[in-house]
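Student: I'm new to this one. Can you walk me through it?
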Amino acid sequence: MAEASEPRMAGYLLAGLAGVLLACIAADINAQATTLAMADIRGHLGVGIDRGSWFETLFSVGEVMGMLVAPWLAIAFSMRRFAAFATLMLAVLSLGCAAVNSPELFYGLRYLQGLSTGFLIPLLMTVALRFLTPSIKLFGLAAYALTATFAPNFGAPVVAWAHQVAGYDAIYLSVVPVAALAFGLIVYGIPQDPLRLERFKQLDWIGLILGWTAGICIVTLFSQGERLDWLHSPMIDVLAIVGSVSLVVFVWHECYHPVPFIWPQLLLRPNFAFGTIMLFGFIVLGFAFSNLPSRFLSEVHGYRPAQTMPVAMIVALPPLVLLPAVSWLLNFKRVDARWCLVVGLVLVATTCLLYTQVSPDWIRHNFYLGQSIAVVGQALVVVSLLMLATGVVAPQEGPYAAATINVTRALAAPIGTGVLDWFLRVRSDTHSHALLDRIGAHRYELAQSTALTGHDPAPMRADGASASAMSQFASHIQSQAQTLALADGWQLMLVLAVGLLMTCVITERVYPPRLKIPPGT
């Protein structure tokens, strides 16, 4: 009877894991689609770019706050209850976003959407680490990896579909049926633990305040820094000081609290520290691969979301097959996850190197080869790093590991976006000034060489040029400057990939969970 019940229990667990996975994918797709459609949302609500920028900031703030406390709350209320609540919350908020026309209400809904996403994402890793048997644990980690590969890149097709077919409200409403299915699977498959409300008597209030303060300050600093001109703004100065101090004190405090939200001592294990650093860099690289090609096509060639969709789909769809395939490969004793990670990073770096050759002549099909190489590299990297990081974590330490890794992941998106936006803006200005200075110095030579080069001499004439000629000239300069800046951006990503590759030397060998061999042996 016990043997007969084990496959049945495994079936329940797989159904529950599928439910949490669907809820996480729905949350990530909704977040990315809403970001891509932000211009339409601002137009619908009647707000400008400055006010509208807070929609993304509030979402990221809610996500960080939710990821910090989600594993702790899941233990207190039980995994099944908390996951079902977060999924239901996601569906209700999506309905609310489709119904409201008030910017003020949308601010609150957007924050709560981030909170629900922050609740859900760590639960997927917690379920995989706690409930799955060693023989299928790697496939559970591959399911978690889908939230960092498939889900963010599938937002572009959702926006394209909403624009072309279903209408503005579909950006939100498409989440509801997926969340309803996820809710049913969670209730059906996740084991029901008893309530542990006594944990609230030991709630780390100081750690909660410090952690949330640090998260709010860091996210706001990097998401609003470019708009407010960074340290030239008193608000950014205050956020930088308060966020830095709060983060240091929070980490120190969590080391000694009996029931912490994170366990910083895990970072003393080389593999876990490596996995945390690698995941941070991977999220930044993944953002580059999902956004920079589309950004180039839209800014330089005026592509709409539907026209950039094939580039996004190359990165979005293959992980559905590649991630389970990599998990299957890593289940063999002879396969070393460290070497898979190195191969993946080399492939990612190769794509970055290819993209440094970008020119204004590139169109959509020029990105197909690079994206195809990158998606294989990303699959090798993400499953390998999760195996190396979690292979040194005991099941009872799973909630602390999930909180630590996912808070790092939530911070990586705004930090990476803010730094990359600043870098591209600076490089674009530098290239624009250099091009104009070069043209100004050789203005008359260029005007006299019209017969040889075939360029329009109107903007170079001493007696002035027509408005249309100057507008076309400015457009060419902007296109060249943006292209050069994006090439510099890919060089920066190449440096990041090589830097991550060098950190692989600190890792220890981890064998597949099914073999039950201690790490380092």
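Predicted model: local features only at pLDDT ≥ 70, side-chain atom pairs only at ≥ 80, totals over all residues.

Student: Which residues of α6 are the buried ones?
Tutor: They are Lys137, Leu138, Gly140, Leu141, Ala142, Ala143, Tyr144, Ala145 and Leu146.

Student: How do α6 and α17 cross?
Tutor: Helix α6 covers residues 137-146, and helix α17 covers residues 368-390. Their axes come within 9 Å and cross at roughly 125°. The two helices are therefore oblique to each other. The crossing is right-handed.

Student: Which residues make that contact?
Tutor: From α6, the contact uses Leu138, Leu141, Tyr144 and Ala145. From α17, Val382, Leu386, Met387 and Thr390 take part. By class, the α6 contact with α17 has seven nonpolar residues, one polar and no charged ones.

Student: New topic. How many residues are in the largest nonpolar core?
Tutor: The largest nonpolar core has 149 residues. Phe119, Leu330 and Leu341 have the most contacts inside that core. Helix α13, residues 270-301, gives the largest share, 14 residues.

Student: What is Phe119 in contact with?
Tutor: Leave aside its neighbours within four places in sequence. Then Phe119 is in contact with Gly66, Val69, Ala70, Leu73, Phe82, Phe85, Ala86 and Met89. Another core, of five residues, lies apart from the largest one. Cys217, Leu221, Trp230 and Leu239 are among its residues.

Student: Now α3 and α5. At what angle do they cross?
Tutor: Roughly 35°, with the axes coming within 6 Å. Helix α3 is residues 49-77, and helix α5 is residues 103-130. The crossing of α3 and α5 is right-handed. Their contact has 21 nonpolar, seven polar and five charged residues.

Student: And what about α2 and α3? Where do their axes come, and at what angle?
Tutor: Helix α2 is residues 38-45. The axes of α2 and α3 come within 10 Å and cross at roughly 120°. That makes α2 oblique to α3. This crossing is right-handed.

Student: Which residues of α2 and α3 make the contact?
Tutor: Met38, Arg42 and Leu45 come from α2. Ile49, Gly52, Phe55 and Glu56 come from α3. The α2 contact with α3 divides into four nonpolar residues, one polar and two charged.

Student: Back to loops. Where is Ser78, and is it buried or exposed?
Tutor: Ser78 is in the loop between α3 and α4. Ser78 counts as buried, at 0% relative accessibility.

Student: What is phi for Ser78?
Tutor: It is near 90°, a positive value in a residue other than glycine. Most residues other than glycine have a negative phi.

Student: Which loop holds Asp229, and what is its phi?
Tutor: Asp229 has a positive phi of about 65°, although it is not a glycine. Asp229 is in the loop between α11 (205-224) and α12 (234-254). With a relative accessible area of 38%, Asp229 is partly exposed.

Student: And where does Gln265 lie?
Tutor: In the loop between α12 and α13. Gln265 is partly exposed, with a relative accessible area of 27%. Gln265 and Ala76 are 189 residues apart in sequence. In space they are 22 Å apart, C-alpha to C-alpha.

Student: Let's go to Ala84. Which helix is it in?
Tutor: Ala84 is in helix α4, residues 79-99. Ala84 is buried, with a relative accessible area of 8%.

Student: What does Ala84 touch?
Tutor: Not counting residues up to four places away in sequence, Ala84 touches Phe183, Ile186 and Val187. Ala84 and Ile186 are 102 residues apart along the chain, and their C-alpha atoms are separated by 6.3 Å.

Student: Last one, Thr483. Which helix is it in, and is it buried or exposed?
Tutor: Thr483 is in helix α21, residues 467-502. Thr483 is buried, because its relative accessible area is 2%, under the 20% cut-off.

Student: What is Thr483 in contact with?
Tutor: Setting aside neighbours within four places in sequence, Thr483 is in contact with Phe296, Val300, Val358, Ser359 and Pro360.

Conventions:
Residues numbered from 1 in each chain as written. Heavy atoms only, no water. Axes fitted to C-alpha atoms, helices over the stretch in contact; angles between N-to-C directions. Helix = DSSP H or I, 4+ residues; strand = E, 2+ residues; numbered from the N terminus. Parallel < 35°, antiparallel > 145°, perpendicular 65-115°, else oblique. Left-handed = near helix turned anticlockwise from the far one by under 90°. Contact = heavy atoms within 4.5 Å. Nonpolar A, V, L, I, M, F, W, Y, C, P; charged D, E, K, R; others polar. Core = buried A, V, L, I, M, F, W, Y, C linked by side-chain atoms within 4.5 Å. Buried < 20%, exposed > 50% of the residue type's maximum accessible area, 1.4 Å probe, protein only.
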